[in-house]
Structures are given as C-alpha cells and as structure tokens.
Amino acid sequence: MTAETLIYIILSGILALFIALFQYRYKSKTKNFKLNSVFSVLRFLTVFAILLLIVNPKFEQIKVYTEKPNLVLAVDNSSSIKHLNREKVARELFETIIKNDELNNKFNISTYTFGNAIKALDSLTFDESETNINSVFSQLSQIYKSTVAPTIIATDGNQTFGNDYQFVHNSYKQAIYPIILGDTITYTDLKIQQLNVNKYAYLKNRFPVEAILVYNGDNNVNAVLEVKKGNKTVHSQSVSFSKIDNSKVVNLTLPANTIGTNSYKVHLVPIENERNRINNSKNFAVEIIDQKTKIAFVTDILHPDVGAFRKSIESNEQRSVSILTPNEILNHINDFQLVIVNQPNNKFKSLFEELDKLNKNRFVIVGTKTDLGFLNAINKSYSQEIVHQTEEYQADFNLNFTPFQIEDINFESFPPLNSNYGGITFNVPSQSILNKRVGSVSLEQPLLTTFETNSRREAVLFGENIWKWRAQSYMNSKSFNEFDNFIGKLVQYLATGKRRNRLNLDYESFYIGNRGVVVNAQIFDKNYVFDDREALNITVKDKLSNKEVRFPFVLKNNNYQVDLSSLPASEYTFTVRASNENISKSGAFTILEYNVEQQFLNANVTKLQQLATNSDGKSYFIDNTDALINDLINDNRYVSIQKSHKNTIPLIDWKYLLAIIALCLSAEWFLRKYNGLI
C-alpha cells in the first residue's frame with residue numbers, strides 16, 4: 001500500500017467522523033447521549049466504508065508453498081514383456097515404486113504405460129502389439145517441458161517401430177533411468193531378420209523374394225530354408241552359419257501362376273535346443289494380377305512436378321508412368337488407360353482432338369505456363385478468365401466430396417501452389433476435392449476438381465509446384481505414403497471407366513498381422529449424393545472355421561469405417577449390407593500371422609545403457625531396484641523448492657465490506673424507527 005493511499009484512508013476516516021458527529025451531535029433533535037453515540041458509530045462506519053470503496057486500497061497476500069520434483073514411471077505394456085516372462089517382476093516393480101514412502105515424500109510420482117502410444121497407467125495387461133519407445137519421450141517432453149522430472153522407464157528396450165530412441169536426450173531434457181526387463185543371457189538362435197517382397201506380381205512371371213537370415217551362436221551350424229504355399233514346399237535350400245559368418249542374404253524367385261492373393265510361409269528349420277522358434281518363420285502374401293495400369297504423362301516442359309507425380313503413381317506397383325511429348329503419344333494413345341496433360345499449349349491440339357475422339361479419361365494440370373486461350377478454346381467443360389497475373393493459393397479440403405473415398409492429409413499445412421489469377425467457370429456439374437484459399441479466406445474456387453461428362457472422367461489441377469506438397473507430407477508424417485495414397489486414389493478413379501456404384505468399398509487384399517485391418521465404405525442415394533443417414537454392417541466369415549462375426553460401421557467424415565483388428569490371422573470373406581436399402585457388396589481379404597513382439601529373445605541392454613548415459617541417468621537391472629530407489633532419494637539434483645505466490649487483492653473484491661455497509665444502514669434505520677425518529 002502506498003503512502004498516498006494511506007493518506008486518502010486517513011482523510012476518509014476524518015471525513016466520515018465529521019459527517020457522523022455533525023449529524024448526530026450538532027444537528028441531532030434528541031438529547032439522548034447514548035442513542036446519539038450509537039447512531040454516530042453506525043453512520044461513521046457506513047460513510048467510512050463507502051469512502052474506502054472509492055479509494056479502493058490494495059492489499060498483498062503472500063502464500064508460501066513447497067513444490068516437489070516429479071518422478072515419472074513408464075512401464076512397457078507390450079506383449080514382448082510377457083513373451084520374455086517378465087510380467088510378474090514388472091508388476092512388482094510398479095508396486096514397489098509407487099508405495100515407497102521415501103519416494104512419495106520426495107517426489108510427485110506420475111505413472112504411465114506404453115506400447116504403440118503412451119497413456120496414463122490404468123492396468124498392466126502386456127498385450128500391446130507394438131512398441132514405440134521414442135514416442136514416449138516425445139510426448140513426455142511436452143508434459144514436463146519446464147519442470148524437473150527424472151524418468152524411470154521399465155522396458156526390454158526392444159522397439160518395433162518409430163525413430164531410434166537412443167538419442168532422445170537431444171529433445172528430452174530429463175535424466176532417464178532405464179530398468180532392464182528381460183534376459184541378458186545369450187542363447188543360440190536362428191531367425192529370419194527381414195523379408196523383402198513386392199506386394200504385387202504379374203501372371204506368368206516370376207517374382208523375387210529376399211530373405212535376410214541371422215545366426216547368434218558360437219558353433220558352425222547347417223540349416224534348411226523352406227518356402228511353403230499351404231502344405232506344399234515350393235522352394236528349399238541349405239544355408240550354413242558360423243560365429244564369424246553369422247548372416248546370409250538369400251535371393252530367390254517364385255512363379256506367379258494363380259490370380260489373386262497368394263499366401264506363403266518362409267521357414268528356417270530350427271536347430272537343436274533352439275529356445276525361440278517363433279522368429280524362425282515369417283508369412284508373406286503377393287497379389288497376382290494379369291495386367292498393369294499404364295499412364296501417360298504428357299509434357300513439353302521440364303518441371304519438378306513431373307518427377308513428383310511419377311514417384312507417387314509408381315509407388316503402387318500396379319501402375320507405370322511413361323513421360324512423353326505431345327507428338328510421341330499420338331501413335332501409342334490406345335496403350336494407356338489415363339493421360340495426364342501437363343500445362344497444355346498449342347502443341348497439344350492434336351492430342352486433345354484424339355482424346356475427345358476416343359472419349360478418353362484425362363487429368364489436366366493448369367499452371368503458370370499454360371496457354372489459357374488455347375485451353376479455353378479447345379475445352380468445352382470449363383474456362384478460366386485470362387488476367388495475365390499469377391497468385392499463390394493454399395488448399396481447403398472439401399469434406400463433402402463424394403465421387404470416391406478420400407481423406408484430409410492435413411492439406412492446410414501444405415505450402416501454396418502457384419496458379420493463374422482469375423475466375424473459373426464450369427459448364428458441367430463438378431465436385432471439388434480442394435478449393436483455393438488465400439490466408440484465412442476461402443475463395444470457393446476449385447483448386448483440384450473432378451467431373452464426369454459423356455461417360456468420361458476428368459480431373460483438373462489449377463496450380464503447379466505440387467512437388468512441394470509431397471515434400472511437406474513427408475515432413476508431417478515422416479513418410480510419403482499419405483500423399484502417394486491420395487494421388488493413387490485420384491488416379492484409380494480416373495483410370496477406370498466402370499459405372500459408378502452406389503456402394504463403394506476400400507480395403508486391402510491382405511494385411512500383415514492384425515494391426516490396422518480397416519475397411520472403408522461409401523454409400524450414395526439414387527442421386528449419387530453421399531447418404532450419412534444409412535446404417536452399414538459387415539458380416540465377416542472365417543474360411544477355415546466357418547465362424548461368422550458381424551460388425552457395425554462408424555460414420556467418419558465423408559465415409560463409413562470399421563476396424564477389424566480384433567480378428568485373428570486367417571482367410572476371410574465378407575459382405576457389407578445397407579440396413580435401409582437393398583444394397584450389398586462382397587469381398588475377401590487375408591490376415592497373415594505375424595507378431596513382431598515375439599521376435600526378440602533378449603533385452604536390448606546396450607541401447608538402454610547408452611540411453612541412460614546420454615541423459616545423465618543410470619541403468620539398472622530388475623533385480624537392482626533398491627539401488628535405483630536409494631540413488632533417487634540421495635540425488636541432490638532432485639530437491640523440493642520453496643516458492644511464494646504474491647496476490648494483490650483490491651478492497652472492492654472484499655464482499656464483506658458491502659455486507660457491513662448494508663448491516664450498518666439497516667441497524668441505523670431500525671433504531672431510528674424504533675425510537676420514533678422517522
């Protein structure tokens with residue numbers, strides 16, 4: 001409180017006293033001294049309280065409290081812990097730490113479990129099918145960014161996907177204390193480290209298979225590598241290993257004789273007394289197809305977009321891209337199911353005439369080097385205003401797009417495309433996948449759109465530099481898959497001339513393991529408008545056991561989705577039915593048996609010890625938990641901090657003062673009334 005405020009309070013008290021004495025001493029009509037004194041006090045308190053509210057002095061309130069450091073305990077909940085028979089000691093470790101009185105007195109203990117994602121610890125089930133240790137620290141770094149939080153991580157150190165966690169100390173600035181769960185004894189073991197197989201093959205060809213085999217042991221051993229299709233052995237060969245020559249890369253080819261999904265099993269015959277035999281086998285599948293979709297990319301300029309489109313389209317082995325000039329394609333146009341026309345000008349006149357004559361599907365890319373006058377003249381479906389000015393446009397995803405199933409791959413984060421400025425007019429019905437946006441303003445003008453006319457499908461991209469989108473997609477997800485799948489679905493829609501169905505399904509022919517077994521569906525009304533009121537169900541039948549299971553679809557954005565990851569590995573047929581319409585569609589898929597968590601025989605001690613060293617922590621084996629607890633208790637880096645919080649409170653916020661004013665006025669009125677002064 002300042003001296004000036006104190007002076008105002010004193011003056012307020014003097015003024016209040018003067019008003020009270022003036023009214024009940026100098027001007028009072030009654031001579032009752034005691035009664036006048038009571039009235040004077042009540043009036044003084046009333047006036048003084050009102051003046052205090054006007055002055056509104058501020059008072060400082062200081063609260064002192066002690067803040068303990070955090071202690072984070074993250075327990076590996078993946079099935080590899082159960083496979084290594086360490087689930088019991090993991091539970092005992094958890095109970096020991098959270099119930100230790102000294103640790104609880106020194107730390108605020110927070111507990112988590114992790115597998116493919118981290119979550120608050122509810123229960124330990126050890127049934128997670130994957131392990132991503134790196135993501136644990138990525139998410140904890142956001143929670144404990146500005147606090148002291150030594151981290152105990154109980155794990156076998158075997159990560160099945162994600163970035164290498166060994167160098168996570170660069171982003172996670174806390175000391176890490178790994179508790180090693182798992183056997184550190186080295187056992188003799190043969191395993192198939194990796195299989196490299198193409199997803200598709202073509203009928204009457206041979207497809208390659210590459211198997212990387214690893215041996216862990218001291219003696220020389222001979223083994224047999226077999227490839228089986230069902231109960232039939234289609235390939236067999238001998239392989240030998242020694243302590244020095246402990247890995248082999250086996251390359252072989254298999255015949256593609258049967259159309260459809262063909263399942264195989266690669267098996268490395270176990271040696272005597274081998275402890276882990278699960279990692280001796282791997283399953284794979286190849287879809288045999290009898291044709292390849294051929295796509296022509298026609299351009300007469302060099303541009304990075306050409307390579308980006310080719311990479312995205314050919315990421316699906318069922319498709320091939322040929323880069324041609326407008327003249328080169330004319331003699332081979334019937335060889336292609338889709339023609340992509342890049343930034344056309346007068347040189348493309350003959351190509352457009354031939355495309356119109358054959359009523360062939362096309363994808364036109366309109367950029368800054370496009371001759372808009374030529375395009376407007378030769379094309380009757382749409383036109384663009386010619387302004388001779390360019391603009392950069394970002395993308396707005398259209399959730400109501402219905403011609404085929406597509407998902408938002410975070411388009412709003414993508415850099416803008418360079419496009420011609422000017423309005424776009426369509427003469428035929430069209431649906432935009434993406435609309436133009438400048439800053440936060442959506443222009444309701446198409447950036448990427450599709451339409452159908454005369455049984456011909458066409459798409460138009462009004463922008464160039466889409467190669468930047470592919471790069472940004474990789475930055476977002478550390479993979480090109482999302483962007484490549486987006487382009488792949490667009491190409492699949494354009495490359496087929498099939499009549500549009502009211503019920504469309506999107507699924508894979510086979511899945512490796514039961515993770516991510518998802519079926520997507522779209523259903524349309526008779527006007528081919530997406531129907532979000534329908535109820536879809538899928539009936540799945542196991543071919544081997546004949547057991548049927550029924551699942552409902554869930555509406556997600558502009559499609560229906562069902563997750564079938566709970567199904568065991570087997571071959572399945574399915575039928576999707578609409579409840580309100582007499583519409584159904586059937587298909588088949590295969591789930592290949594594979595549990596990545598069962599491929600490990602030992603804990604990854606070296607990497608966990610390196611993780612501890614890099615982060616200024618220390619690693620411990622599960623039998624040495626008491627040493628970890630003592631080290632944490634005695635570590636002077638982790639001490640409680642006494643903090644104070646100063647809160648400035650204005651008097652006007654003190655509600656009791658208003659109650660005092662009301663009470664004094666009420667008491668004064670009542671006494672005056674009682675004594676006949678009113």
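The structure holds 25 aromatic pairs, where rings of Phe, Tyr and Trp (its six-membered ring) pair if their centres lie within 6.5 Å, and planes under 30 degrees apart count as stacked, over 60 as edge-to-face and the rest as tilted. The model is a predicted one, in which local features need pLDDT of at least 70 and side-chain atom pairs count only at pLDDT 80 or more, while totals for chains, interfaces and linings use all residues. Residues are numbered from 1 along each chain as its sequence is written, and side-chain values use heavy atoms, with hydrogens and water left out.

**Aromatic pairs**

Select Phe 297 and Phe 309, which form a tilted aromatic pair at 5.8 Å centre to centre, with 40° between the planes. This pair links distant parts of the chain, twelve residues apart: Phe 297 lies in strand β15 (residues 293-298) and Phe 309 in helix α7 (residues 304-314). Helices (H or I, at least four residues) and strands (E, at least two) are DSSP runs, numbered from the N terminus. Both Phe 297 and Phe 309 are buried; buried means under 20% relative accessible area, exposed over 50% and partly exposed in between (1.4 Å probe, protein chains only).

Next, select Tyr 382 and Phe 462, an edge-to-face pair at 6.0 Å centre to centre, with 85° between the planes. Tyr 382 belongs to strand β19 (residues 382-384), whereas Phe 462 is in the loop between β25 (456-461) and α10 (467-477), 80 residues apart. Tyr 382 counts as buried at 2% relative accessibility, and Phe 462 is buried with a relative accessible area of 1%.

For a group of rings, select Phe 397, Phe 411, Phe 414, Trp 469, Phe 483 and Phe 486, which form one aromatic cluster.

**Charges over rings**

Turn to Tyr 393, where Lys 436 lies over the face of the ring at 4.4 Å from the ring centre. A charge sits over a ring if NZ of Lys or CZ of Arg is within 6 Å of the ring centre and within 35 degrees of the ring normal. At Tyr 165, the charged end of Lys 607 sits over the ring, 5.6 Å from its centre.

**Strand β5**

Select residues 151-155, strand β5: five of the five residues are buried, so the strand is largely enclosed by the rest of the structure. Both faces are covered, with Thr 151, Ile 153 and Thr 155 buried on one side and Ile 152 and Ala 154 buried on the other. In a regular strand the side chains alternate between the two faces of the sheet.

Strand β2 (residues 70-76) runs parallel to β5 and is joined to it by four bridges, with Val 75 opposite Ala 154. Five bridges join β5 to strand β6 (residues 176-180), also in parallel, and here Ile 152 stands opposite Tyr 177.

**The five-stranded sheet**

Show β27-β34-β33-β29-β30, the order of an open sheet of five strands with mixed pairing. At its edges stand β27 (510-512) and β30 (548-552), each with a single partner strand, so one side of each is left without a neighbour in the sheet. Within the sheet, strand β29 (residues 536-542) and strand β33 (residues 570-578) run antiparallel and are joined by seven bridges.

Notes
Two strands pair if DSSP finds at least two bridges between them.
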